[in-house]
Protein chains: 2
Amino acid sequence: MGELRKDPVSARWVIMNTDRVSGPDDFDVDRTEKKGGVCPFCYGNEHMTPPEVLCYRENTGVPNSPGWSVRGVPNKFPALKIEGGLDRQGIGIFDMMNGVGAHEVIIENPDHYKEMPDLEISHTERIIRAYRERFNELKKDTRFKYLLIFKNYGASAGASLEHGHTQLIALPIVPKRAVDSLQGAAKYYAERDRCVFCDMIRQELQDKIRIVTENDMFLAYCPFVARFPYEVKIIPKAHRPDFGNISNPEITNFAKIMKDVLTRIRTVLHDPPYNFTISTSPIDGHEYDREDYHWRCNIFPKLAKVAGFEWGSGFYINPTPPECSVKILREAAGVVAHQKTAR
Amino acid sequence: MGELRKDPVSARWVIMNTDRVSGPDDFDVDRTEKKGGVCPFCYGNEHMTPPEVLCYRENTGVPNSPGWSVRGVPNKFPALKIEGGLDRQGIGIFDMMNGVGAHEVIIENPDHYKEMPDLEISHTERIIRAYRERFNELKKDTRFKYLLIFKNYGASAGASLEHGHTQLIALPIVPKRAVDSLQGAAKYYAERDRCVFCDMIRQELQDKIRIVTENDMFLAYCPFVARFPYEVKIIPKAHRPDFGNISNPEITNFAKIMKDVLTRIRTVLHDPPYNFTISTSPIDGHEYDREDYHWRCNIFPKLAKVAGFEWGSGFYINPTPPECSVKILREAAGVVAHQKTAR
């Protein structure tokens, strides 16, 4: 019998198909194999991107030359442009504004074929430091209201270049899904004087049935109201509203758990396309001290091809309840440990 | 320069990429070619589906035997089941209920290879009459709050069987996207005493720049805040809150405009996968007389592979603004007319 579950933050209902549960091999997963070729994110092609805005390098090379370990550049084809003031206008009953914003790319490592599961923890730490650095830099621009960090891995998850990269978009508005979450969290806080995310963490730690893995500072679990098979949420255990405020020890722990979870997903689901997004507080001056909000990273492997209907209706049917997804992801631990030893 | 546009109903902002506009051939569209094989929706295989709940036939055949023109059956693998009462419960901070509902399939025609663009208008009328009949039948069940009619065409749009069919889901809750639209429309009505959809229709008819086609009773246009390339909205020109109340003359006009629009999409975009959804009032006893709401059909060709990020963030970037999509769809008129003559 299926069941309906309600997200306590967004108020979204999801149908869990508990009758015909899809296993990890029941999906016709698109291939993510990298083909190589001329790549603007590889060493020697630095001139093919706009000039860098961030560069971690150990050598003494000049800017926009090889030798870097992590590199940040503006997107060559940005969805929004950095120049100009905000110009709002009404067109009849419609509202619009010009596309002021920022759209940047963090090139995660020089090797075209390496992704987070292949990198040393110390390197993944550098990637996350780069996220923090660009996040806090863009936060200073008062035209922006919201910063979104996300990764598309694999063509069918929206990646147009195969070299590992993360994107950062600065928006002059708060996107609707963030507004919904903020309102849901504020309502919960108003009623109970507690952060809804902290309450969910407490409940997941108590129930233990949806936890993929954890470390001192972070919890990775398959959410009770997962919309997608093998969806994983990674969240700081302590109350942390602002990603930009992530500490160095937290970066180490976040890098460890990201590598662990992404390795499990790669192992169990045969290197599927995926997306992750970092959801955090809007940059409105209260990002540090907001008592009702909590940043988190959501990872969505792209498995089921049911996109269009869900796009159209906002209504989700999940063929693999999180309690089933988590079992498979937990079992991957042995394989993951073995891989670590073997390398 | 890109621009940001706000949906006056849902309050969702969409980035329109007005710089690098994608043309109809810029998408790597998945193939929808039908392969045939044993199909439970073809003549002679009626025993492969659950017993029919609707059947239009001109011959005197017995139920669940060949000779029908449109056939309605329960989904063999329903997301929700019809048996049982509603059982709500809390699990810690989470809310859930058991999966009571209905999940039906309307088999649109007996020919495995024919879709709406290939059918006579009189046949498409029958399909829409079948939607209305099952809609009004399920509406009587007081456990249900919302009825959703939708079609998935092509595997990558979520169709698991290739024989032309539409689905109908009866839900014990109103899905979040419908709640958002209802609230947005109610707010607009409270401020202005006018239906926001009627105002949008007036504006589109006045502006004329986003209209694909129209007839006496329906308007087909590319919405100002389209989330996807070549997204088309078909809406009754008169104020009609309830799809279940569609009149026979409206069915004729709806069938004509559906065939016209789907033929244009097939022609211009090379038979792409698509979804359509019919959004209408919740079935709460006010579906007939609601002054602030309006039913409509949204058609989404599945072209761009950017699903995961949009799923995760609720934030949309549309590479083809509606003013560009509409030009291509309008130009298809000649081709469409020619095809009609040739057949």
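**Close-up views of a two-chain predicted model**

View 1. Strand β3 of chain B and strand β4 (residues 68–74) of chain B run antiparallel and are joined by 4 bridges. One of these pairs B:Leu54 with B:Gly72 in β4(B). Strands count as paired when DSSP finds at least two bridges between them; strands themselves are DSSP runs (E, at least two residues), helices are runs of H or I with at least four, and both are numbered from the N terminus.

A word on reading these views: this is a predicted model, in which local features need pLDDT of at least 70, side-chain atom pairs count only at pLDDT 80 or more, and totals for chains, interfaces and linings use all residues. Residues are numbered from 1 along each chain as its sequence is written, while chains are lettered from A and ligands numbered from 1 in the order in which they are written.

View 2. Follow the open sheet of 10 strands in the order β3-β4-β7-β9-β8-β13-β14-β12-β11-β10, with antiparallel pairing. At the edges stand β3 (54–57) and β10 (211–214) of chain B; each has a single partner strand, so one side of each is left without a neighbour in the sheet. On average, neighbouring strands are turned by 15° against each other, direction ignored. Helix α1 (residues 121–139) of chain B packs on the sheet and touches β3, β4, β7 (102–107), β8 (146–153) and β9 (165–171) of chain B, its direction making about 30° with that of β4(B). Axes here are lines fitted to C-alpha atoms, for helices over the stretch in contact, and angles run from 0 to 180 degrees between N-to-C directions.

**View 3. Where the chains meet.** Chain B brings 58 residues to the contact and chain A brings 59 residues; contact means C-beta atoms, placed from the backbone, within 7 Å. On the chain B side, helix α5 (residues 307–313) gives the most, with 6 residues. Strand β1 (residues 3–6) of chain A runs antiparallel to strand β6 (residues 94–98) of chain B, and 4 bridges join them. Among the partners, A:Lys6 goes with B:Asp95 in β6(B).

**View 4. A residue in a loop of chain A.** Look for A:Tyr113 in the loop between β7 (102–107) and α1 (121–139) of chain A. A:Tyr113 counts as exposed because it has 12 C-beta neighbours inside 10 Å; the cut-offs are 12 or fewer for exposed, 20 or more for buried, and partly exposed in between, with C-beta atoms placed from the backbone.

Conventions
Two residues are in contact if their C-beta atoms, placed from the backbone, lie within 7 Å.
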